[in-house]
Each structure stands twice: as C-alpha cells, then as structure tokens.
Amino acid sequence: MAVGEGAAESAVGAAGEDEKISFDYLKSQFFRVVHADGAIGGITPSGYIHFSFYSERQAIPQRQTFTLNEDGSLGQSIAEKTIIRNAVVRELDVDVVMNVDVARSLAIWLSQQVKLYEEKVEEARQGQVVS
C-alpha cells in the first residue's frame, strides 16, 4: 500500500468488486533522490505537519589560505589562516508539508517497512534465503 491511498479511494467512492483504479507514477521535473540522516520539523500555524530531511557531515573549511611555490603551484596550507565551523553540519535537503491523514498513513507505511526489514534481517541471521 502506498502512502495516501485512502484519499484516492474516497475521491472515487466506495470501491466495489468490479471497480478498479490505476495509478501512473510520473517523476516531476524536480524529482531527485535525497539521503537523510534525520529530520526536524513540527506543526505549522495552519495545522499541517512539516519536516525537513537533513544529511549530516563534518564541516568543510569556510576559507583556506595556502602558500605559493616559486613555480606558482599550490604549496602548504597555513593552518592558522584556516577558518572552520566548530560544529557538525546538518544540511537541509527538502521540506515536506502534509496534512495529518497523510502523516498518519506515512507513519503506518514506515512502520511496515521497518517490520519487513527486520524480518529479512532475521531470515538472513537464520541462514534462510532472502528475496
């Protein structure tokens, strides 16, 4: 089951035995894969739930200064001239905004995926074939 499928069913009406609905999945022009180490967010003033996915990394220098060799090539870095953040960087990649019904569906779907993952790990531990 995909997140938000309940909304599609209610938009079409009660599904009978002979009724069907198909979904075509198209990637928008802004589609991209985002790595997430975590998320931060909360409830918006208008009652939506929002969260931003972030990836964590060590800070890269804001500035480095190097000596120049006689031939014009790059020499050694001058450590005392290097400016760095004294923190871990959490780079925000995307913000997601949804209503509570979609958030509830997402929570259920994520729980199901975690359960499937744990079952596959347990099968692998027991030496069973994992598909």
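A polar contact is a pair of N or O atoms within 3.5 Å; within protein, one atom must be able to donate a hydrogen and the other to accept it, and residues adjacent in sequence count only if both atoms are side-chain atoms. The model is predicted: local features need pLDDT of at least 70, side-chain atom pairs count only at pLDDT 80 or more, and totals for chains, interfaces and linings use all residues. Residues are numbered from 1 along each chain as its sequence is written, and side-chain values use heavy atoms, with hydrogens and water left out.

Q: What makes the side chains of Ser-52 and Asp-95 a polar contact?
A: The two side chains make this contact at 2.4 Å, and the limit for the N or O pair is 3.5 Å.

Q: Why is Ser-52 called buried?
A: Its relative accessible area is 9%; buried means under 20%, exposed over 50% and partly exposed in between (1.4 Å probe, protein chains only). Ser-52 is therefore buried.

Q: Which residues does Ser-52 touch, not counting residues up to four places away in sequence?
A: Ser-52 touches Gly-38, Ala-39, Ile-40, Leu-92, Val-94 and Asp-95, where contact means heavy atoms within 4.5 Å.

Q: Why does Arg-85 count as partly exposed?
A: Arg-85 has 44% relative accessibility, so it falls in the partly exposed class.

Q: What is Arg-85 in contact with, leaving aside its neighbours within four places in sequence?
A: Arg-85 is in contact with Ala-59 and Gln-62. The C-alpha atoms of Arg-85 and Pro-61, 24 residues apart along the chain, are separated by 7.1 Å.

Q: Why does Ile-21 count as partly exposed?
A: Ile-21 has 46% relative accessibility and therefore counts as partly exposed.
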